[in-house]
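Open your viewer and get ready to select a few pieces, one after another.

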Amino acid sequence: MRAIHIVTTRLSSSFRRPILYLDFIVSCLAPPRQFSIPRRLICAATKANGGGRSGSIVAPLVVNEEFQKIDVNPPKGTRDFPPEDMRLRNWLFNHFKEVSRLYGFEEVDFPVLETEALFIRKAGEEIRDQLYCFEDRGNRRVALRPELTPSLARLVIQKGKSVSLPLKWFAVGQCWRYERMTRGRRREHYQWNMDIIGVPQVTAEAELISSIVTFFKRIGITASDVGFKVSSRKVLQELLKKYGVPEDLFGRVCIIIDKIEKIPIDEIKKELGFTGISEDAIEQLLQVLSVKSLGDLEDILGGAGEAIADLKQLFSLAEKFGYSEWIQFDASVVRGLAYYTGIVFEGFDRKGKLRAICGGGRYDRLLSTYGGDDIPACGFGFGDAVIVELLKEKDLLPELGQEVENIVCALDKDLQGAAATVATALRDKGQTVDLVLESKPLKWVFKRAARVNARRLVLVGKTEWEDGSVSVKVLSSGEQFQVKLSDLE
Ligand code: HAM
């Protein structure tokens with residue numbers, strides 16, 4: 001009997017994107033050899049087909065006798081993590097996590113899939129256009145998270161008064177953005193985030209930058225390799241206020257200004273003009289953005305405003321923390337996310353070859369955009385891609401081999417059970433064991449031991465085992481001895 005493939009197609013209510021449910025009911029009485037995987041499944045889904053929320057149609061049956069050859073590469077912009085890459089990822093994430101704990105932060109996580117609405121902001125951010133979003137089987141609009149901050153805000157609102165402030169939370173999670181692929185920018189990346197919720201003072205920003213500096217130092221990156229450009233969105237806020245620009249335009253103006261290095265200046269002026277800002281204000285805004293010293297900024301804004309006060313305090317704290325040489329004022333740093341309200345910062349490589357290494361800032365009003373009460377907050381995101389590029393550039397990538405303490409091998413196939421007993425005894429004592437599961441010649445075992453960087457070879461031979469002992473060979477020294485299983489440490 002032939003394989004039967006039944007394809008049912010259900011349409012989303014909006015008809016924007018048909019959702020295809022491929023339900024294979026395969027019944028076959030013939031031997032497995034005769035199975036085939038259809039290479040083409042045609043699921044024509046049109047409005048005329050009478051779709052809709054509950055509409056269900058049965059598409060034409062397509063049977064193709066050829067086997068499908070899959071593309072073994074992961075989707076563009078995404079990565080597999082074979083063991084050698086996983087070792088590097090774990091090394092990096094361990095540093096992220098250890099630094100976070102060093103600063104007294106607690107780990108949190110959120111779902112990779114969130115409601116789409118969580119990421120929709122009106123300001124025209126690039127991140128909105130890069131969203132991986134779709135309708136799920138229950139006709140809900142959902143999205144793969146492009147960043148962690150909105151989820152964190154959601155959780156803070158949900159926890160409400162049950163948590164005591166300040167919260168110091170960190171997370172390492174995968175984010176998805178349909179980005180144009182460049183060096184260090186991918187369609188999925190992992191981000192290390194540290195956020196402080198409930199501290200209005202600049203001490204919070206200073207602490208966060210300190211933690212990133214600590215991380216850099218731990219992995220061998222110095223202040224001559226990277227730095228932080230720091231500014232405050234209050235600079236723009238104060239200027240816009242001076243020119244009578246309504247507050248609700250603030251986010252949109254910041255997003256336009258953030259594109260300054262990506263699109264021609266005339267375009268920027270045009271876009272700013274569309275928001276209704278006067279030409280005078282635009283000229284002054286653009287002039288301020290080129291300022292690279294706090295003194296010059298003070299000349300323009302006067303010394304009384306919050307922007308100058310915050311920045312001065314941050315630079316003073318940087319001195320106390322001991323990372324002054326890592327940070328510099330640069331008014332052109334605005335950041336591309338609408339929710340920042342105060343200090344903003346970005347980590348950059350001093351050779352200027354790479355995209356931003358990390359970025360963050362204060363977002364005191366994000367919670368109210370989700371209907372919660374505002375709580376002062378700041379944090380940063382640090383991706384896993386640019387830093388690896390930088391480590392490669394500096395020849396600082398660690399050499400990470402597999403690490404196993406013992407290889408346990410039975411010298412006779414009848415002793416496989418005895419070898420399992422030895423492996424269990426060692427594992428019970430907390431030792432890592434790679435147990436040789438097949439009958440293999442000793443030459444093969446030695447080669448494997450070298451490949452997995454084993455410290456010892458534990459051989460289970462007939463004579464020794466009859467005496468309750470095993471042979472141990474220390475691979476670095478070649479030293480070999482016999483030991484009772486009960487004494488094996
Ligand atoms: P962001 O600047 O969009 O900020 O991203 C932070 C960092 O994530 C970037 O500096 C970069 O290291 C990494 N990153 C972003 N997009 C990609 C990509 N497509 N490929 C590789 N790496 C990428 C945020 O996401 C904010 N939510 C950070 C934050 C946390 N602000 C406050 N708390």
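Select strand β9, residues 188-197, in this predicted model. Ten of its ten residues are buried, so the strand is largely enclosed by the rest of the structure. Now show the side chains. In a regular strand they alternate between the two faces of the sheet. In β9, Glu188, Tyr190, Trp192, Met194 and Ile196 point one way, while His189, Gln191, Asn193, Asp195 and Ile197 point the other way.

Strand β8, residues 167-176, runs antiparallel to β9, and ten bridges join the two. To see one place where they face each other, pick Gly173, which stands opposite Gln191 in β9. Then select strand β14, residues 377-383, which also pairs with β9 in the antiparallel sense, over seven bridges. Here, look for Ile196, which stands opposite Cys378 in β14.

Keep Gln191 and Asp195 in view, and colour the residues that the unreviewed UniProt entry annotates as "binding site". Along with those two, the annotation covers Glu147, Leu148, Thr149, Arg177, Arg335, Tyr339 and Tyr340. Of these residues, Tyr339 and Tyr340 are included in the lining of the second largest pocket.

Zoom in on Leu148, in the loop between β7 (141-144) and α3 (149-159). Is Leu148 buried or exposed? Its relative accessibility is 1%, and because buried means under 20%, Leu148 counts as buried. Leaving out residues up to four places away in sequence, Leu148 touches Phe110, Ala171, Gly173, Cys175, Gln191 and Asn193.

Step along to Thr149, which is found in helix α3. Thr149 is buried too, with a relative accessible area of 7%. Which residues does Thr149 contact, leaving aside its neighbours within four places in sequence? They are Asn193, Tyr339, Tyr363 and Leu366.

For the last stop, turn to the second largest pocket, with a volume of about 640 Å³. Rolling a probe the size of a water molecule over the atoms shows where empty space is left. To find this pocket, select Ala123, Asp248, Gly251, Ala338 and Thr369, which lie nearest its centre among the 21 residues that line it. Helices α6 (250-258) and α11 (366-369) are the elements that give two or more residues to this lining.

Note on methods:
Residues numbered from 1 in each chain as written. Predicted model: local features only at pLDDT ≥ 70, side-chain atom pairs only at ≥ 80, totals over all residues. Heavy atoms only, no water. UniProt positions renumbered as here; feature names shortened; annotations may be inferred. 1 Å grid on protein atoms, 1.4 Å probe; cavity = no way out; pocket = protein on both sides within 12 Å on 5 of 7 lines; lining within 4 Å. Helix = DSSP H or I, 4+ residues; strand = E, 2+ residues; numbered from the N terminus. Buried < 20%, exposed > 50% of the residue type's maximum accessible area, 1.4 Å probe, protein only. Contact = heavy atoms within 4.5 Å. Points joined across faces, edges and corners; volume = space filled by probe spheres on them. Pairing = 2+ DSSP bridges.
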